[in-house]
Each structure stands twice: as C-alpha cells, then as structure tokens.
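Trainee: Could you walk me through this chain, with care over how each term is used?

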Amino acid sequence: MSRSRVRSPRRKSRSVAKTTAKKADQQSFPEIQNPKSPKFHRFIGVSLGGGKTDKTALSVIEYYPVQKKIFLSRLFDKIQTEDEVSGDLLIHRMITQCPPPVESISFDVPLQLPKCMTCCLPCPGYEECQEPEIQWMWKHWRANKKKKSPPRLFTPYTERCVEQFLQTELEEPFHLQHAMGSNLAPLTARAHYIQNRLTAPTLEVFPKLSLWRIGTALHLSKSQLRFHRHWESGHDNRQIVLNKMMDRNVAFIYDQDVKTLVESPQAFDSFICSLTGLLSFLGQCEPRPKGFPRKESWLEIPKKSFVWP
C-alpha cells in the first residue's frame, strides 16, 4: 500500500495539547454517513501517562475485513488537563464520542489490582494463604528458586501472577513493572478511574512484548525491538518499525501521523496497543496458560506465529 497522503473529508489535524476546554468539547468523531460503506471494526489504544502530565496518547485503528486493510484513522498525542477540564475527562470524551463499532479499548497499564489489595478474607499472611493466586505464586517462585539467579520472594500486595509469568515463561525474560510498584501505582489508579466509566471491553497490553512479537513476525532485528523507547536510538527504531509495517502493507498511516509516532514513544505505544486489540479480536493472541488462576488478570499477547489480517 502506498504511503502517500490520501485526501479524506474526515481528516483533520488535532493537537490536544493546545486546545481549550471549549474546543475539547468539539473534538467529536464524525458520524458514518454512508450506510452502504464496507463493514469495519474500530480498536482504541491508550498509552497512559500521569494525570498531571502531557504524556498520554490515544490511537484509533479501523479494520476492514473484506479488503483486509488496517488504517490508523485517529491519533491524539500529549493529552493533558485544559483549565478546568481534566485530562481524564478528555480521554473519556474521545473514547465515548468515537462512533461504533468499537470492539475494545486497550491500555498499557494494569487494569486489575494485586490479589491482596482486593481480598476481604481474614488474612493469615501470604505464607499461609490458600487462595489460588497466592498458591500459584508460591509454586512459581519455588520452581525458579533452584535456578542460578533465583528471584526475590514475591509481594502479592504489589505484584500479580502475570508479572512473574512474563519473567520466566516466554522466549525471553520480559520485566513488567509491578502493578502497585512505585512507578506504576499512580497509573494503575488512573486507569481504574477511567475504566469505571467505560462500557466497551477493556484489555491490558504490554507494548514492549506486543512489539516484540509483531516485530519478530516482520523479521526485524532484536535490537530494534528492544530499544524502541531508548532515548538515543528509539527515534530511529520506531521509524524502522513503521517503515517495515507500511512496506508489508500491514497498515496505512498518514504522513502526519507517521511523524508523530516516530517523535512520540507514547503515541507509538498507543498504536501498538490498538493493533494488539485487533489481533485479540481475530484470535491471534495467546490463550490464558494452563493452570493460571482463573480470576487473575491476563495480558493480550500476540502469538509467536500469528497471521496478519
């Protein structure tokens, strides 16, 4: 698919960082005018930053199954509070004003708290706890304690089973920060606040792992995939990934949005989140592992050998 700009009456430039609260109200998505237009599905990806920063981005992709085409139709970067309108409300408006069909909204932060944060049972201490999530953590920790570099004892009030799983059970160790660790705890709280107001299905995505699987399918080098957010080489690596996607006709992206995705790691991650939501919709993500606690959160992880639409 050509990367040249395609004219569209719906296409308008948006810069959330410079809008007033009044303009934010007007940032609605256009209604679908042609009832005979090809059926498509929308997927939203959100890379969430702190509520008092401008490091939040939101992407919307559209998938046309008949033509087997993917379009990045909307990209919002540097979403932040504007006067008395919070960044949280802006995110909510952008999501709710997106006309259907919205199949899923994917976030790059935890959407479920650790077991011990929500448990209402009398606590015997996690050394004696018989809850399935805690028992799984003990089993996993004891199995890895015998290794050359054994892990530290887990803390089920800051971490979840999935964070332990990613460190040891995939083709490479992937270190997902603890949901209630010092770095992610504020973002976890913000995600829960936003999620409570949404009606569309929400998914949790680890962009670094999703990009690893997507990039491997595109035959990109490991260094380009490992350091897509690196302060020095990240810019070039994101450009390489996007070029490869467009060369392989994975997705159509407007020139203006390519520039934003290259310059903004948050915007890039939101795009990866929306792509992962599409792959999940198509059944191209890993199922919950056998024996993994049923009530414990699981990530949407593209399969090792998935098939592009």
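**Fold and salt bridges**

Mentor: The secondary structure of the chain comes to eleven helices and five strands, where helices (H or I, at least four residues) and strands (E, at least two) are DSSP runs, numbered from the N terminus. This is a predicted model, in which local features need pLDDT of at least 70 and side-chain atom pairs count only at pLDDT 80 or more, while totals for chains, interfaces and linings use all residues. Residues are numbered from 1 along each chain as its sequence is written, and side-chain values use heavy atoms, with hydrogens and water left out.

Trainee: How many salt bridges does the chain have?

Mentor: A salt bridge is a side-chain nitrogen of Lys or Arg within 4 Å of a carboxyl oxygen of Asp or Glu. By this rule, the count is eleven.

Trainee: Which residue forms a salt bridge with arginine 190?

Mentor: The partner has its closest O atom 2.6 Å from the N atom of arginine 190. The pair links helix α6 (residues 185–195) with helix α2 (residues 87–96), across 102 residues. The partner of arginine 190 is aspartate 88.

Trainee: Is aspartate 269 buried or exposed?

Mentor: Aspartate 269 lies in helix α11 (residues 265–281) and forms a salt bridge with arginine 229, at 2.5 Å between the closest N and O atoms. Arginine 229 is partly exposed, at 41% relative accessible area. Because the relative accessible area of aspartate 269 is 4%, this residue counts as buried.

Notes
Buried < 20%, exposed > 50% of the residue type's maximum accessible area, 1.4 Å probe, protein only.
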